[in-house]
Every structure is written in structure tokens, then in C-alpha cells.
Amino acid sequence: MIEVVLLDDDRRQFVALERACSTVGIQLHHARSAAEAASLSRLGQASLVVVTEKLSNAQGFPVAQSIAPTPTVVCSEALTSTTVFEAVGSGAYDCLAKPLEVESILAVKAHSQLKLIGLLSLLM
């Protein structure tokens, strides 16, 4: 099972995504703060963290840096090239458009695992 933490202070996004995720083997956890998301990722309850770009009490970009080394994705309602560059420049693995779709989460997770496997093979 894939464990994903969604950091979004709007619970509606979590509720909308949780049911769809459960049908494809994704356990979705809801974090309401950066500290909670970081804690869940450190406890091993996340193989991917999805952070909303604009939180009521913070920006998503610095949060992505604080959660490393867990792969982090920033999601944005206004997905532009600037948003993507800022997200990736802050340490996020990728940037996705809101509303989030299960397929996008699965694709990012698969790609991050392939990248890790590729990096490990270079070291061997």
C-alpha cells in the first residue's frame, strides 16, 4: 500500500480524494500543518507528501524543503511555469494542478521510485 500525506488546510480536498485513493491502494493521511506533515513522514507513514501551494498559515514551497527526504509534491490551483519552477526550486519533486487526481499521484510515485532505482544503479 502506498502511504501519502496531503497537507491542505481545506479538508474538502482530502475528503474528495480519500475515497478514490482507497480504491487503488493508496492510504491517504490528512495533515493540517507543516509540523504534522513532517511528523507523519518521519514516522514512516508517508512515501509521498502532497503540499498545497497556498496554506492559510504558510506557503507550500518552504514546507517542501522541510519534509525532505520524503518526496514532496506541491499542488496549485494556478499552475503556471513560474509555479512549477518555484516548487521544484524549493525542493519539491513535482508540481500538480488542483483538483488532484489519483492518477497524478500514482504517476508521481512511480516516477520517484524509478528515479531512486536509477540513482541506486549508478552507485553500484
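## Burial and surface

In this predicted model, 40% of the protein's 124 residues count as buried. The accessible surface amounts to about 6800 Å², and carbon and sulfur atoms account for 59% of that area.

Contacts between residues at least 6 apart in sequence were also sorted by separation: 51% of them join residues at least 24 apart.

## Secondary structure

The protein has 5 helices and 7 strands. Along the sequence these elements follow the order β-α-β-α-β-β-β-α-β-α-β-α.

## Confidence

Mean pLDDT for the protein is 80, with 83% of residues at 70 or more. Confidence is highest in strand β2, residues 26-31, where the mean is 90. Strand β5, residues 58-59, has the lowest confidence, with a mean of 58. Where pLDDT is low, predicted coordinates should not be read in detail.

## Cysteines

A search of the whole structure returns 0 disulfides. For C75, the closest cysteine sulfur belongs to C95 and lies 7.8 Å from the sulfur of C75. A disulfide requires the two sulfur atoms to be within 2.5 Å, so the separation of C75 and C95 is too far for a bond.

C75 is buried, its relative accessible area being 0%. C21 also has 0% relative accessibility. The cut-off for buried is under 20% relative accessible area, and C21 therefore counts as buried.

Note on methods: Residues are numbered from 1 along each chain as its sequence is written. This is a predicted model: local features need pLDDT of at least 70, side-chain atom pairs count only at pLDDT 80 or more; totals for chains, interfaces and linings use all residues. Side-chain values use heavy atoms; hydrogens and water are left out. Buried means under 20% relative accessible area, exposed over 50%, partly exposed in between (1.4 Å probe, protein chains only). pLDDT is the predictor's confidence in each residue, from 0 to 100. Helices (H or I, at least four residues) and strands (E, at least two) are DSSP runs, numbered from the N terminus. Contact means heavy atoms within 4.5 Å. Accessible areas come from the Shrake-Rupley method with a 1.4 Å probe; for residues, only the protein chains shown count as cover.
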